[in-house]
Amino acid sequence: MLQLRMMLGPRAKRSPARSRTTNSSITLSGERLLYRLFHERGVRVFQSQPIQDVCRCSTERVASMLRQFTPQERADMVGDNGKIGVTCEFCSTHREFDPAEFD
Ligand SMILES: [Zn+2]
């Protein structure tokens with residue numbers, strides 16, 4: 001089985017110890033590797049683009065989501081501290097809302 005490990009910039013460089021154990025002794029540029037694997041189908045390499053690890057959640061977005069629920073449903077979400085706590089599953093940001101702000 002062929003295992004590929006593409007180097008994609010800063011993130012990939014963070015774990016040099018691991019790449020040392022999993023990489024073979026042959027070093028190929030990404031372009032060269034793509035050509036070797038897929039040249040029969042035609043390979044086109046586009047300009048690289050920087051990527052960012054960003055979540056688009058915001059307090060206002062979460063609040064507007066909470067407004068979609070009925071007052072009873074919101075009341076059921078209130079925790080022991082009297083607040084509605086919401087944790088974004090993408091970026092783990094935790095926000096707390098006073099249930100009174102939705103009345
Ligand atoms: Zn988020």
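This is a predicted model: local features need pLDDT of at least 70, side-chain atom pairs count only at pLDDT 80 or more; totals for chains, interfaces and linings use all residues.
Trainee: Why does Ser92 count as exposed?

Mentor: Ser92 has 8 C-beta neighbours inside 10 Å. The cut-off is 12 or fewer. Therefore Ser92 counts as exposed.

Trainee: Where is the place of Ser92?

Mentor: Ser92 sits in the loop between strand 1 and strand 2. Its phi is near 65°, a positive value in a residue other than glycine.

Trainee: What makes strand 1 and strand 2 a pair?

Mentor: Two strands pair if there are at least two bridges between them. Here 4 bridges join strand 1, residues 84-87, to strand 2, residues 94-97. So the two strands pair. They run antiparallel.

Trainee: What do strand 1 and strand 2 form, and how many residues are between them?

Mentor: They form a hairpin, with 6 residues between the strands.

Trainee: Why is Leu34 called partly exposed?

Mentor: Leu34 has 15 other C-beta atoms within 10 Å. Buried needs 20 or more, and exposed needs 12 or fewer. The count of 15 falls in between, so Leu34 is partly exposed.

Trainee: Where is Leu34 found, and what is it in contact with?

Mentor: Leu34 belongs to helix 3, residues 30-38. Leaving aside neighbours within four places in sequence, Leu34 is in contact with Val43 and Val45.

Trainee: How much of the chain counts as buried?

Mentor: Of the 103 residues, 1% count as buried.

Trainee: What share of the contacts join residues at least 24 apart?

Mentor: The share is 42%, among contacts between residues at least 6 apart in sequence.

Trainee: What is the predictor's confidence for the chain?

Mentor: The mean pLDDT is 82, and 76% of the residues reach 70 or more. Over residues 7-15, however, the pLDDT is below 50. Beyond near neighbours in sequence, that stretch has 2 contacts in the model.

Notes
Residues are numbered from 1 along each chain as its sequence is written. pLDDT is the predictor's confidence in each residue, from 0 to 100. Two residues are in contact if their C-beta atoms, placed from the backbone, lie within 7 Å.
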